[in-house]
Amino acid sequence: KLEAVNTMLSAIGEAPINNLNSGLVDAELAETILDSISREVQSQGWNFNRDLNKSYAVNAACEIVLGNSVVRADLSMTSDQYDMDLVQRGTKMYDRKNHTFNIGKAVKLDVVSVLDFADMPEVAKRYVTIRSTRIFQDRVVGDQALPAYQERDEMQATVDLLDFEGETQDQSISDNYGV
């Protein structure tokens, strides 16, 4: 993460920092933008941050409470769950059919979680860093010519991330209609 923030700072001609708690206003802004873009990108749901058929038990109030890192959750389509209509509301699952948070039984969900920057694969870190750098540069410097150089790098990083996604999904024509 420090390396990503330093990349962002170098794009506006600032000297690198030694730690993330440097107190430099531009460094704090860069880190904020990096975190925001990382969350935005990961919220789309990629193979590296998506869990399928993850079991969730109910708590004492018969509610399914998701972790704070879960940004998207949907009921897995298993044969014993077809009669349920659950959606995510905040950090809990809500039963739309019965209009309640009281789910009453354990369920299996497909979830998308936001990972720490260090836990993301390198190709995702690169994409987030390049995109964050372009946005940071645009907000701080405001020169419309500068982000144009970053856009080419961002397009290549997007292609690399999509290629990585395709390679890691392990899909074949035999088990996936989309293929």
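Modeller: The account below takes the helix contacts, then the pocket, then the strands.

This is a predicted model, in which local features need pLDDT of at least 70 and side-chain atom pairs count only at pLDDT 80 or more, while totals for chains, interfaces and linings use all residues. Residues are numbered from 1 along each chain as its sequence is written, and side-chain values use heavy atoms, with hydrogens and water left out.

Helices (DSSP runs of H or I, at least four residues) and strands (runs of E, at least two) are numbered from the N terminus. The axes of helix 1 and helix 2 (residues 25–43) come within 9 Å and cross at roughly 120°. Axes are lines fitted to C-alpha atoms, for helices over the stretch in contact, and angles run from 0 to 180 degrees between N-to-C directions. This crossing of helix 1 and helix 2 is right-handed; that is, the near helix is turned clockwise from the far one by less than a right angle, anticlockwise being left-handed. Helix 1 contributes Ala4, Val5, Met8 and Leu9 to the contact, and helix 2 contributes Asp26, Ala27, Ala30, Glu31, Ile33 and Leu34. Contact here means heavy atoms within 4.5 Å. By class, the contact of helix 1 with helix 2 holds eight nonpolar, no polar and two charged residues. Ala, Val, Leu, Ile, Met, Phe, Trp, Tyr, Cys and Pro count as nonpolar, Asp, Glu, Lys and Arg as charged, and the others, Gly among them, as polar.

Helix 1 also packs with helix 3, at an angle of about 35° and with the axes 9 Å apart. The crossing of helix 1 and helix 3 is right-handed. Ala4, Thr7, Met8 and Leu9 of helix 1 meet Thr129, Ser132, Thr133 and Phe136 of helix 3. The contact of helix 1 with helix 3 has four nonpolar, four polar and no charged residues.

The largest pocket holds about 180 Å³ of space. On a 1 Å grid over the protein atoms alone, a pocket is an open set of points where a 1.4 Å probe fits, with protein on both sides within 12 Å along at least five of seven lines; lining residues have an atom within 4 Å of a point. Points are joined across faces, edges and corners, and the volume is the space filled by probe spheres set on them. Lys1, Glu3, Ala4, Thr7, Phe117, Glu122, Lys125, Arg126 and Thr129 line the largest pocket. Helix 1 (2–10) and helix 3 (122–140) each give two or more residues to this lining, and helix 3 supplies the largest share, four residues.

As for the strands, three of them form an open antiparallel sheet in the order 1-5-2, where pairing requires at least two DSSP bridges. Strand 1 (50–56) and strand 2 (70–75) are at the edges with a single partner strand each, so one side of each has no neighbour in the sheet. Five bridges join strand 1 to strand 5 (residues 107–113).
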